[in-house]
Every structure is written in structure tokens, then in C-alpha cells.
Amino acid sequence: MRNGLGALAALLLSTVCAMPAAAETVVVTAARMFDAKAGRIVDEPVVVITDGRIQSVVTRGAARPVIPADARRVDLGDMTILPGLIDMHVHLDSNPIYGGYTGLQFTDSFWAMQGTANAKAMLEAGFTTVRNVGSSNYNDVGMKQAIDEGLIAGPRIVPAAHALGATGGHCDETYLPPSFHAKGEAVGDSIDELRQRVREQRKYGAEVIKVCATGGVFSRNTEPGQQQLTEAELKGIADEAHMWGLKVAAHAHGAAGIKAAIRAGIDTIEHASLIDDEGIKLARDHGAYLSMDIFNTEYTQAEGARNGVMEDNLRKDREVADIQRNNFRKAHAAGVKLVFGTDAGVMPHATAGGQFAIMVRYGMTPAEAIQAATVNAAAALGRDATVGSIAAGRYGDIIAVAGDPTRDVRLLETIPFVMKGGDVVKAAN
């Protein structure tokens with residue numbers, strides 16, 4: 001008898017444990033919604049989110065959905081809701097207040113530790129997804145894992161781990177003398193070496209591959225216009241990454257390096273400062289995305305010297321700034337696909353939303369600038385089924401502002417409400 005009761009109790013316990021937890025439903029309402037796919041404002045949205053995913057979205061005039069009685073309500077009143085924003089070019093483990101050699105005062109793990117604050121700042125600034133294009137010590141992979149485990153606050157991270165580059169190039173260690181034997185973790189000097197570096201980064205958690213095709217502004221002993229990898233090497237990187245199902249982002253300021261990267265099949269061109277007319281046509285014809293960080297110059301020029309940035313770096317920054325912004329205007333007018341990328345880490349992460357107004361100043365409408373940080377960015381990531389719009393099947397990533405951002409895009413510089421996966425991480429006052 002006891003054995004029979006024990007077996008029955010064990011069966012009942014296993015049945016209870018096997019039962020799924022009750023689904024949590026959140027209903028978000030507001031006066032307006034930015035329809036990122038259509039690029040326009042619609043009225044009176046009702047967004048139903050279950051277990052972190054959007055189940056349905058209806059607007060004024062449509063039949064109201066059936067809502068469970070125990071659903072949690074988030075009524076944002078006269079606000080406008082938008083999809084959580086996406087920044088396609090960030091460095092969460094960088095900090096602009098430590099420029100030049102000043103970062104050498106800290107131990108290696110310092111950068112990951114302080115990066116947790118940067119991740120939280122970006123999330124609270126409305127960026128629920130970021131692409132981290134290069135970090136030290138796999139810091140971005142570790143931060144992604146900690147965020148996904150719920151241990152720290154931050155956006156969804158698409159990590160690149162170590163950036164690939166050539167010996168002596170922008171993604172190598174160029175600040176230290178030979179006695180330090182310092183070398184970038186993903187440097188390669190042949191097609192085979194670089195293909196191996198792709199495999200290593202993917203092995204240890206990279207979800208996108210970053211490569212430095214040209215020199216850079218904030219490296220030592222490189223010039224932005226210098227091409228530093230051959231087209232054949234870039235093609236080897238792109239082919240290897242694509243075989244593994246990964247997209248590739250190429251740091252490329254110079255015209256020759258930009259064109260080589262596009263012809264090699266690389267998916268996004270970062271910075272694109274000195275792109276020429278041929279490069280613009282190639283980008284348009286090949287469907288390559290440009291991610292142009294046209295906002296951060298004000299900060300770097302105002303604060304760089306105080307932060308320890310060397311004059312040679314500030315000189316390069318001054319030389320490319322206006323050229324890059326005018327080329328942004330030309331690329332947009334030519335119909336090139338543009339995404340939102342700030343290089344946050346060069347300037348404070350919390351200020352990333354300031355780029356929207358600069359994009360509008362240089363030719364975009366406010367709606368186009370918002371699309372660059374939502375549907376366009378999601379498409380460039382290959383994740384438009386999960387992020388970038390308020391639509392069924394996507395994560396419940398929603399921000400809200402007190403006005404119409406298609407009339408005043410500067411509303412996006414300070415985001416009062418942020419929701420990630422149906423959870424409110426910053427509540428409107």
C-alpha cells in the first residue's frame with residue numbers, strides 16, 4: 001500500500017513539475033506608435049506581449065484583441081512608442097575618458113568591469129540591441145552571457161570578439177614598443193591565417209566578424225586612408241564567415257579599402273569616411289550597408305585632449321569629420337542602405353541618441369533616421385524576424401517618448417521609457 005501511494009505521489013509530483021509555468025501577458029497602450037516598416041505614425045496602438053514576445057499589434061479602427069484578465073497593463077498615455085533602438089557600432093568595453101596611454105594604469109579585467117556600466121547606459125538610452133564590433137579578452141561575449149543570464153542589465157549584444165587585422169594595422173597593438181611583444185589577438189598576414197582567425201572568433205562566441213580593412217583615426221602609426229588588407233584577404237574572410245553563417249563588418253575609412261571590402265562581399269562598411277563616387281555606386285549595386293558615425297566628432301574634439309588622446313589622433317579626427325558627413329549626405333541621396341552606428345566608446349555611451357539629429361542635418365528625414373536604427377539595422381543584422389519593429393513574433397522591445405519623433409527627432413536623445421522583452425527597465429515618470 002505504501003509503495004503504491006509513494007508511486008502515486010511521485011507521479012503527481014513529476015506531473016506538476018512538468019507543467020509549464022503560466023504565460024505572462026503584458027499589454028502596452030499609448031496614444032501613438034511609430035510603424036518602422038511603413039515609416040509613419042499610427043494612432044492608439046495596443047501591443048500584446050506574452051513571455052517576452054509580441055503576440056499581436058492593433059491600432060485605431062481595428063478590432064481590439066482578447067486580453068487575459070490577469071494581464072499586466074502598461075498605459076503610456078499621450079506618449080509615442082517605438083521599437084527598441086539598434087546601434088550597429090559600439091565598443092562596450094571602451095571608455096572615452098581614458099584616451100591615449102591613460103588606459104595602461106588599469107589591469108586587464110578593468111575594461112570588462114567598467115563595461116557593465118556602459119551596457120546599462122545604452123539600454124537606458126533606448127538601445128535594446130547593439131552590435132559590439134571588437135573588444136579585448138572576449139569581453140563582449142562575457143557581457144552578452146551575463147546579460148542573457150539576467151545577472152547584469154544591458155541590451156541584446158551581437159558580439160564580434162577580437163577584430164581581425166594586419167600586422168601593424170589599425171586592429172593590431174600599435175602603441176607599445178617592440179620589447180612588449182604586443183600583438184593583436186586576431187592579426188593575420190595571409191588568407192589562410194585570416195580564415196583561421198574567423199574560426200577562432202566564432203569558436204569563442206563571435207556572432208559577427210569585424211575586420212580592419214584600412215588604417216584608423218585612434219590607432220597609432222596608421223592613416224585612415226591606407227588600405228591594410230588585400231581584396232583577396234578580405235574575400236577570404238568574407239567567404240569563411242559566410243560559410244559559418246556569420247556576417248562581416250569592415251572598418252574602412254579609405255576609398256580603396258572600402259571598394260575592396262565591398263567587392264569582397266563584406267556586408268557592412270563601418271565609418272566609410274573617405275568613400276568616393278565609385279564606392280557609393282558599388283555599395284548601392286552590391287547592397288552593402290554603410291554604418292557612418294557622424295556624431296562623435298564634437299565630443300572627441302572638445303574632450304579628447306583632456307582625456308589623453310594624442311594630437312596626431314585628434315588631427316586625423318579633424319581631417320575626416322566634415323568629409324565623412326558630406327559623404328553621408330551623398331550616399332543617402334544616391335539610395336545606399338544606411339544603418340545607425342555611433343562608435344559609442346569613442347564618446348559616452350549614454351549620448352548615442354544624439355546622432356539622430358546629425359543624420360537629419362545631413363539629409364535624412366526623421367523617419368528615415370529612425371528606420372536606420374530599427375528596421376534597416378535589423379535587416380543588416382539578419383535578425384529582422386526578432387528585432388527592429390513592433391510586430392508579431394518580435395521581442396517585446398519598446399521605447400516611448402512624450403511627443404512625435406517624426407517631427408522632432410531630438411526627442412530620442414533622452415528616452416523616458418524602455419522595455420526589453422516585456423519587462424520595464426526604465427519607467428516613464
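Which side chains meet in a salt bridge with an N to O distance of 2.7 Å in the pair of Asp 285? I looked, and the partner of Asp 285 is Lys 281. For my notes, a salt bridge is a side-chain nitrogen of Lys or Arg within 4 Å of a carboxyl oxygen of Asp or Glu.

**Ground rules.** I am working with a predicted model, where local features need pLDDT of at least 70 and side-chain atom pairs count only at pLDDT 80 or more, while totals for chains, interfaces and linings use all residues. Residues are numbered from 1 along each chain as its sequence is written, and side-chain values use heavy atoms, with hydrogens and water left out.

**Entry 1, helix α7.** Asp 285 and Lys 281 are separated by about one helical turn, because they sit four residues apart in helix α7 (residues 277-286). I took helices (H or I, at least four residues) and strands (E, at least two) as DSSP runs, numbered from the N terminus. Asp 285 is partly exposed at 47% relative accessibility, and Lys 281 is partly exposed at 44%. Here buried means under 20% relative accessible area, exposed over 50%, and partly exposed in between (1.4 Å probe, protein chains only).

I searched the whole structure and found 29 salt bridges. One of them joins Glu 270 to Arg 131, with the closest N and O atoms 2.7 Å apart. This pair links distant parts of the chain, since Glu 270 is in strand β13 (residues 268-271) and Arg 131 in strand β9 (residues 127-132), 139 residues apart. Glu 270 is buried at 0% relative accessibility, and Arg 131 is buried at 2%. I also noted Arg 306 with Glu 303, whose closest N and O atoms are 2.8 Å apart. Arg 306 is exposed at 64%, whereas Glu 303 is partly exposed at 24%. Lys 144, Asp 148, Glu 207 and Arg 383 are linked in a network of salt bridges.

The domain assignment, automatic or from a database, gives domain 1 (25-83 + 389-426) and domain 2 (85-381). Their centres, taken over C-alpha atoms, are 30 Å apart. I found 24 residues of domain 1 in contact (heavy atoms within 4.5 Å) with 22 residues of domain 2.

Next I checked the nonpolar cores, which are sets of buried Ala, Val, Leu, Ile, Met, Phe, Trp, Tyr and Cys residues joined through side-chain atoms within 4.5 Å. The largest holds 78 residues, and Ile 269 and Leu 290 touch the most other members. Apart from it lies another core of 17 residues, among them Met 33, Val 47, Val 74 and Ile 398. Leaving aside neighbours within four places in sequence, the contacts of Ile 269 include Ala 250, Ile 258, Tyr 289 and Leu 290.

Which strand holds His 271? His 271 lies in strand β13, is buried at 5%, and has a positive phi of about 80 degrees although it is not a glycine. Glu 44 is in the loop between β3 (40-43) and β4 (46-50) and is partly exposed at 36%.

I placed Leu 104 in the loop between β8 (85-90) and α2 (110-124), and Leu 104 is exposed at 57%.
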